[in-house]
Amino acid sequence: MNALTLQWHDAGQDKIQNIYEQQPSKNPSTFRIGRDPLRCDIVLSNPTVSGLHVEIFFHPQQQRFYIRNLRSPNPPLVDGQQLVQGEMPLHEGSIVYLGQAQLQVTKVAISHIAATILIPPQPQVTHSHPQQLPVQPRHHHHPPVPPQGTYGLECPKCHKVSSAENLQIGCPWCGTSLAAAASVLVAPNH
């Protein structure tokens, strides 16, 4: 399972939090950080932190965790760079400043199994001459082979296609529920 570990000091205590790719949160598929306990999954008490400051999310196609700024007048500092708009990748050792509050990414664990979902299955070659097509003896009957490839979910709102594992967490681009999404064949295997 893909996970990111954050460590910070708040209200006189050292704190640590694991953020998982499909972790339940107050905003599906993202993990929000700020001062507001109603909208944030990690609540910081430092007055220089905005009510809703940043969100961390896992990008399935890039196989990386990213941080997105939600408060343009008070941009976070990520690895020494101001993140005014858009998002930046996080990695082990990343330092994030939200106002004067410092958070550090102490661990990033990516299981690369999920990346193979986007690659169509390759045919198994078991005969001695790979450049020739195998000849099937006529006396054997084989069941029909279903079409092979990778299936994805087309978002009913933005129409972008994401992997089926996003069914429970929603569209990674616009956040729309994928419960009513159409299943589409992304990469057929010819």
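Residues are numbered from 1 along each chain as its sequence is written, and side-chain values use heavy atoms, with hydrogens and water left out.

The protein has 14 strands and 0 helices, where strands (E, at least two residues) and helices (H or I, at least four) are DSSP runs numbered from the N terminus. Of the contacts with a separation of 6 or more, 43% join residues 24 or more positions apart; a contact means heavy atoms within 4.5 Å. The average pLDDT (the predictor's confidence in each residue, from 0 to 100) is 79, and 70% of the residues score at least 70. Where pLDDT is low, the predicted coordinates should not be read in detail.

Cys40 is buried because its relative accessibility is 2%, while Cys174 is partly exposed at 32%. A search of the whole structure finds 0 disulfides, a disulfide being a pair of cysteine sulfur atoms within 2.5 Å.

The structure contains 2 cavities of 30 Å³ or more. A cavity is a set of points, on a 1 Å grid over the protein atoms alone, where a 1.4 Å probe fits but cannot get out; lining residues have an atom within 4 Å of a point. Grid points are joined across faces, edges and corners, and a volume is the space filled by probe spheres set on the points.

The largest cavity has a volume of about 80 Å³. Its lining comprises 13 residues, of which Tyr20, Glu21, Ser29, Thr30 and Phe31 lie nearest its centre. Strands S2 (13-20) and S5 (54-59) each give two or more residues to this lining, and S5 gives the most, with 3 residues.

The second largest cavity, with a volume of about 30 Å³, is lined by Leu6, Ile33, Val54, Ile56, Ile67, Val96, Leu98 and Leu103. S5 and strand S10 (95-98) are the elements that give two or more residues to this lining. The residues of the lining of the second largest cavity divide into 8 nonpolar, no polar and no charged; Ala, Val, Leu, Ile, Met, Phe, Trp, Tyr, Cys and Pro count as nonpolar, Asp, Glu, Lys and Arg as charged, and the others, Gly among them, as polar.

Key: Buried < 20%, exposed > 50% of the residue type's maximum accessible area, 1.4 Å probe, protein only. 1 Å grid on protein atoms, 1.4 Å probe; cavity = no way out; pocket = protein on both sides within 12 Å on 5 of 7 lines; lining within 4 Å.
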